[in-house]
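Q: I would like to learn how to read a structure feature by feature. Please take the general idea first and then the case at hand.

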Amino acid sequence: MTGYKKGWERYQGTLIPITPDDYIGEEHECRVIDAFVDKLDLAARGFTHTQPQEVGCPAYAPGDMLKLYLTDT
């Protein structure tokens, strides 16, 4: 997806040799949510008013926002 704000790649190392995946266990529920939302066709499920605009600050990707919402509940 282009036109949305994008966080840093979670598989990319930082200045120290630790990635975010090192902090999350293999069986953590957020991994299921991440995989589930990535498989969804968000446009078919009503996420149709979230297209990036030409001007202004880019919005966050709808899938990322859904992942945050599902993880928080």
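Q: Is Cys57 buried or exposed, and why?
A: The general idea is to compare relative accessible area with two cut-offs: under 20% is buried and over 50% is exposed. In this predicted model, Cys57 has 61% relative accessibility, so Cys57 counts as exposed.

Q: Why does Cys30 count as buried?
A: The cut-off for buried is under 20%. Cys30 has a relative accessibility of 18%, and therefore counts as buried.

Q: How many disulfides does a search of the whole structure find?
A: A disulfide needs two cysteine sulfur atoms within 2.5 Å. The search over the whole structure returns 0 disulfides.

Q: How many helices and strands does the protein have?
A: There are 2 helices and 0 strands. Helix α1 covers 29-39 and helix α2 covers 62-72, with Tyr60 in the loop between them.

Q: How should I read the contacts by their separation in sequence?
A: Take the contacts between residues at least 6 apart in sequence, then ask what share of them joins residues at least 24 apart; here that share is 65%.

Q: Which residues make up the largest nonpolar core?
A: In soluble globular proteins, nonpolar side chains tend to be buried together. The largest nonpolar core in this model has 5 residues, namely Ile33, Val37, Leu40, Leu42 and Leu66. With neighbours within four places in sequence left aside, Val37 touches Gly63, Leu66, Lys67 and Leu70.

Q: Where is Leu70 found, and what is Leu70 in contact with?
A: Leu70 belongs to helix α2. Once neighbours within four places in sequence are set aside, the contacts of Leu70 are Ile33 and Val37. The C-alpha atoms of Leu70 and Cys30 are 8.7 Å apart, although 40 residues separate the two along the chain. Leu70 has a relative accessible area of 30%, so Leu70 is classed as partly exposed.

Q: How many salt bridges does a search of the whole structure find?
A: A salt bridge is a matter of distance: a side-chain nitrogen of Lys or Arg within 4 Å of a carboxyl oxygen of Asp or Glu. The search gives 2 salt bridges. In one of them, Asp34 pairs with Lys67, and the closest N and O atoms are 2.7 Å apart. That pair links distant parts of the chain, with Asp34 in helix α1 and Lys67 in helix α2, 33 residues apart. Both Asp34 and Lys67 are buried.

Q: What does Asp38 form a salt bridge with?
A: The partner of Asp38 is Lys67, with 2.8 Å between the closest N and O atoms. Asp38 is in helix α1 and Lys67 in helix α2, so this pair ties together parts 29 residues apart in sequence. Asp38 counts as exposed because its relative accessibility is 51%, whereas Lys67 is buried because its relative accessible area is 15%. Through shared partners, the salt bridges join Asp34, Asp38 and Lys67 into one network.

Q: What are the totals for the protein?
A: Of its 73 residues, 19% count as buried. The accessible surface is about 6,200 Å², and carbon and sulfur atoms account for 58% of that surface.

Notes: Residues are numbered from 1 along each chain as its sequence is written. This is a predicted model: local features need pLDDT of at least 70, side-chain atom pairs count only at pLDDT 80 or more; totals for chains, interfaces and linings use all residues. Side-chain values use heavy atoms; hydrogens and water are left out. Buried means under 20% relative accessible area, exposed over 50%, partly exposed in between (1.4 Å probe, protein chains only). Helices (H or I, at least four residues) and strands (E, at least two) are DSSP runs, numbered from the N terminus. A nonpolar core is a set of buried Ala, Val, Leu, Ile, Met, Phe, Trp, Tyr and Cys residues joined through side-chain atoms within 4.5 Å. Contact means heavy atoms within 4.5 Å. Accessible areas come from the Shrake-Rupley method with a 1.4 Å probe; for residues, only the protein chains shown count as cover.
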